[in-house]
Amino acid sequence: MTGHGAAAGAGAVRRAVHGVLLPGFTGTTPPAWLFDAARDGLAGVVLFAHNTPDLATTAALTARLHDAAPDLVVATDEEGGDVSRLEAATGSSLPGAAGLGVVDDVRLTGDAGEALGRLLAAVGVDLDLAPVLDVDTPGNPVIGVRAFGTDPEAVARHGVAFARGLQRGGVGTCAKHFPGHGSTTVDSHLALPVVEADLDTLRGRDLVPFAAALADGGTDDGHAADALMTAHVVVPALGPAPASLEPAVAALARELGHPGPIVTDALDMRAVSDGAEVGETAVRAVEGGADLLCLGTTTGRDDEALFRSAVDALVAAVGAGRVTLDRLAASGRRTDALVRRLRARQASAGAVVGAAEAARAQEALAEVGAEAARRAVRAVGPHPALGSAPDVVDLRLRLDHAAGRTAQHVQRAVAARWPHAVVHPALDGDGFAALLRGLPGGARPLVVVTREPVPGGAEHAHLARLQRARPDLVVVHTGVPAAGERWLAALPGGLPATVLACGTGRANAEAAVALLAGELAPEPTEVAR
């Protein structure tokens, strides 16, 4: 293949460009433009929650995509816990990374990964954009309970175990968000975060889990990370551009031993684009060393226009000499090698795609997830058990962009256990004041849902007012457990009766409610710090 596009012809250039793209689309029926691209060398597609309303629909969708292009990589973000695509409607059957980290049972973490991998394989997903290998810093607005914890070695231990489990289940893994998103204070869905750390700090903290995942494990599957997703964060110690566009970050990944594709986080995120025109960002990503460009999608937007903006810009970049066909071909070879490995893995795992197989895999996942969640949830402070149907107030103020919405699984689990529970809607200033007036002492039990009750913040202030009115309130904290306990202990009234749920997924919520109902022994346990 030649180094410039003119000699190769327009068709060859377009096919090579398609080979580095992972678009999304809206709905459960692939559009014509996506089928056309799939038949013309498209690398893959990323499925979002609006594509996967139920398991049967998802299995039928992936079958259509693979029929059109057998080597197409079907990917999705299925972390478990707060971030789920396959179980977005009902909530994840797994408690998520933070819960697994709190339990600190590597065998259980591996079992959870394997059960999730079998579900993904049964619905036809090839590549899971997981695990999260970020080392969390409390207060991070986008990582939080998506991380296995705050200790680099623990994150490495559990991240590798989860990834190996996914591989045994029959799917590929994509470790994220390289070189580390855990210490940021800005959500990259909204703006561009900066990681202010020197290289020694990065190597001793953020890079530890990635180095472990990229080490040769001596297995037939090779590295625990089949692919590596770069973050939309600026790390000045590595270079001036966002990591997803920065050549030094790709070079660092190769230095650590990563032979497979480098995948960008979604290019429609506001950290790197305006969300509609991603062409120049796509070119810079390829120039920066990325092999697969996740384009993203949002319901109601013109997904084809987003895709075309990337294609047209990359074709023009080849014509201008900014990107060579040799460079695109190198990315294509990495993806081809990944596909061969994934197809062999699926065969070895005995993966069969279909609704019945997926339903059985989901049942097995639920068993593992229930065990993990019940071991993860913890009680701190006074005894938190409820004697009757409560009022439920949600004090979480920030939308969880990674999860797609502020999940209501705690409220649903409470209502399922106590049908006469009163679940209050999201409250503005006037509504909160009215709620305070209506909560005299001795009334119905009060359950308050929190995520970031940081001292000095609005969530903490609202909770303090509620605690003054109702010292007997019970908190279900859905954020990072160790940080939440510290923040709640700083309330003027001291630490209230609290359940540390380690996330807001369905498995977490059901285990938390089982504890509130007295069905799960509330044995206070020291939370790993």
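**Entry 1: two helices.** I looked up how α11 and α12 lie, and they are oblique to each other. I note that this is a predicted model. The angle between α11, residues 279-287, and α12, residues 303-319, is about 55 degrees, and their axes are 7 Å apart. I checked the hand next: α11 passes α12 in a right-handed crossing.

I then listed who meets whom. From α11 I have Gly279, Glu280, Ala282, Val283 and Val286; from α12 I have Ser309, Ala310, Ala313, Leu314 and Ala317. Sorted by class, this contact has seven nonpolar residues, two polar ones and one charged one.

**Entry 2: the whole chain.** I stepped back to the overall counts. The protein has 19 helices and 14 strands. It has 529 residues, and 60% of them count as buried. I also looked at contacts with a separation of 6 or more: 78% of these come from residues 24 or more positions apart.

**Entry 3: aromatic pairs.** I found three aromatic pairs in the structure. One of them is Phe178 with Phe210, an edge-to-face pair with 5.2 Å from centre to centre and 85 degrees between the planes. Phe178 belongs to strand β5 (residues 172-178) and Phe210 to helix α9 (residues 207-213), so the pair ties together parts that are 32 residues apart in sequence.

**Entry 4: cis peptide bonds.** The peptide bond from Phe178 to Pro179 is cis, and its omega is near 5 degrees. Pro179 sits in the loop between β5 and α8 (199-204).

I noted another cis bond, from Ala130 to Pro131, with omega near 10 degrees. I located Pro131 in the loop between β4 (127-128) and α7 (152-169).

**Entry 5: positive phi.** I looked at Asp104, which is not a glycine but has a positive phi, near 60 degrees. I placed Asp104 in the loop between α5 (97-103) and α6 (106-122). Its relative accessibility is 41%, so Asp104 counts as partly exposed.

I looked at Cys502 too: its phi is near 65 degrees, again a positive value in a residue other than glycine. Cys502 is in the loop between β14 (497-500) and α19 (506-516). Which class does its accessibility give? At 1% relative accessibility, Cys502 counts as buried, because the cut-off for buried is under 20%.

Definitions and conventions. Residues are numbered from 1 along each chain as its sequence is written. This is a predicted model: local features need pLDDT of at least 70, side-chain atom pairs count only at pLDDT 80 or more; totals for chains, interfaces and linings use all residues. Side-chain values use heavy atoms; hydrogens and water are left out. Axes are lines fitted to C-alpha atoms, for helices over the stretch in contact, and angles run from 0 to 180 degrees between N-to-C directions. Helices (H or I, at least four residues) and strands (E, at least two) are DSSP runs, numbered from the N terminus. Angles under 35 degrees count as roughly parallel, over 145 as roughly antiparallel, 65 to 115 as roughly perpendicular and the rest as oblique. A crossing is left-handed if the near helix is turned anticlockwise from the far one by less than a right angle, and right-handed if clockwise. Contact means heavy atoms within 4.5 Å. Ala, Val, Leu, Ile, Met, Phe, Trp, Tyr, Cys and Pro count as nonpolar, Asp, Glu, Lys and Arg as charged, and the others, Gly among them, as polar. Rings of Phe, Tyr and Trp (its six-membered ring) pair if their centres lie within 6.5 Å; planes under 30 degrees apart count as stacked, over 60 as edge-to-face and the rest as tilted. Buried means under 20% relative accessible area, exposed over 50%, partly exposed in between (1.4 Å probe, protein chains only).
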